[in-house]
Amino acid sequence: MYAIAINQGQLDWVEHETPELGDTEVRIEVAWAGMNRADSMQRQGNYPPPPGASEIPGLEVSGVIGEVGQHVTQFKPGDRVCALLAGGGYAEHVIVSEQQVLPVPDSLSLRDAAAIPEVFATAWLNLFMEAKATPGERIVLHAGASSVGTAAIQLCKSLGNPCFVTAGSDEKIKACIELGAEDGANRHSEDLVERITQWGGADVVLDPVGGDYLTKNQQILNQDGRLVMIGVMGGTKETLDLATLLFKRQRVIGSTLRSRPEDQKGAILKEMQNYVWPRLENGEITPVIDREWPIEQAQEAMTYMESNGGMGKILLKVAER
Ligand SMILES: NC(=O)c1ccc[n+]([C@@H]2O[C@H](COP(=O)([O-])OP(=O)(O)OC[C@H]3O[C@@H](n4cnc5c(N)ncnc54)[C@H](OP(=O)(O)O)[C@@H]3O)[C@@H](O)[C@H]2O)c1
């Protein structure tokens, strides 16, 4: 099969060995692959795949089941599916445990479906399973116009959580408000702590930035607030104010999706199927897609993603299915 290899930081579409199918796994003939920041970190040599995962980048795909292992119970050849992967998505074929696969609703195209697993699972996991946000709690989403952010805004709106975004431009903030955020602040030109405090503070903060956002997050968190750290785009080191942590009874949670074992990914997808899938089917929630490229031009697509100019998912088209 053909797949992307990382050669000295470049993404090349080259021949690979086709992976073998296990008893509880399915083989997906890939139609579309979603691009994620983790792929960019892997390209730069900063995010090796977890033990046992494919060296091929790519954390999510959509496509059609080509073959199933002998103990697979939920899928059959020909089913339209999407999957959450630990790697291997930038390829013509993907082998993955059936636990990490969901059926694509009839109302969704395979293109839309590829934009869902990683970012909706991240938003769902961290807001509602890790931070245990309850209806009415106020949520701050940093990098609100990111792919994870656009998924999180829609989930917050649908589940009754007012949300405030921070983003890099006024246009992005306007788009987030149209998507369902109550308000937002420009990280380059506004005082985030002042604006969020005026808005009412945060019971939950979803933060992919880190670095000096830690201090700001401790300031904006309300009593019993939870900070979920999902990324370090702004840096990995900062001082935690332990007095504030104690007196405001704050909780800081670190979370990655990729490194979780198969059964945990399966449990997250089950919740998605129960709570997110009906909302996708009735059109209340839609994946926000920015741009698409043919898989052969993955390098160009990644350069665009790394420029921070876009809003929403970047997709790679692998084949017509
Ligand atoms: N822990 C997990 O399980 C998990 C899973 C998925 C994603 N993530 C993380 O979530 C983050 C977003 O991923 P994504 O795929 O949604 O990204 P994306 O769609 O590519 O969007 C990322 C956006 O973040 C903003 N940004 C970049 N550098 C920043 C900085 N230093 N400070 C503040 N904002 C910055 C930029 O928007 P602005 O113009 O608005 O600044 C950029 O467009 C990444 O850090 C990713 O690694 C974590």
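Reader: How many nonpolar, polar and charged residues does the lining of the second largest pocket have?

Author: The lining has 13 nonpolar, ten polar and six charged residues. Ala, Val, Leu, Ile, Met, Phe, Trp, Tyr, Cys and Pro count as nonpolar, Asp, Glu, Lys and Arg as charged, and the others, Gly among them, as polar. This is a predicted model, in which local features need pLDDT of at least 70 and side-chain atom pairs pLDDT 80 or more, while totals for chains, interfaces and linings use all residues. Residues are numbered from 1 along each chain as its sequence is written, and side-chain values use heavy atoms, without hydrogens and water.

Reader: How much space lies in the second largest pocket, and which residues are closest to its centre?

Author: A pocket is an open set of points on a 1 Å grid over the protein atoms alone, where a 1.4 Å probe fits, with protein on both sides within 12 Å along at least five of seven lines; lining residues have an atom within 4 Å of a point. A volume is the space filled by probe spheres set on the points, which are joined across faces, edges and corners. Here that space is about 550 Å³. Of the 29 lining residues, G52, A53, S54, G87 and I95 are closest to the centre. β6 (93-97) and α9 (262-281) each give two or more residues to this lining, and β6 has the largest share, five residues.

Reader: Which residues are closest to the ligand?

Author: Near means a heavy atom within 4 Å. The ligand is surrounded by 22 residues, with R37, S147, G168, R187 and L257 the closest. This shell divides into ten nonpolar, eight polar and four charged residues.

Reader: Which polar side-chain atom lies 2.7 Å from a ligand oxygen?

Author: A polar contact pairs N or O atoms within 3.5 Å. The side-chain atom belongs to S147. A polar backbone atom of I230 is 2.9 Å from a ligand nitrogen.

Note on methods:
Polar contact = N/O pair within 3.5 Å; in protein donor to acceptor, adjacent residues only side chain to side chain. Helix = DSSP H or I, 4+ residues; strand = E, 2+ residues; numbered from the N terminus.
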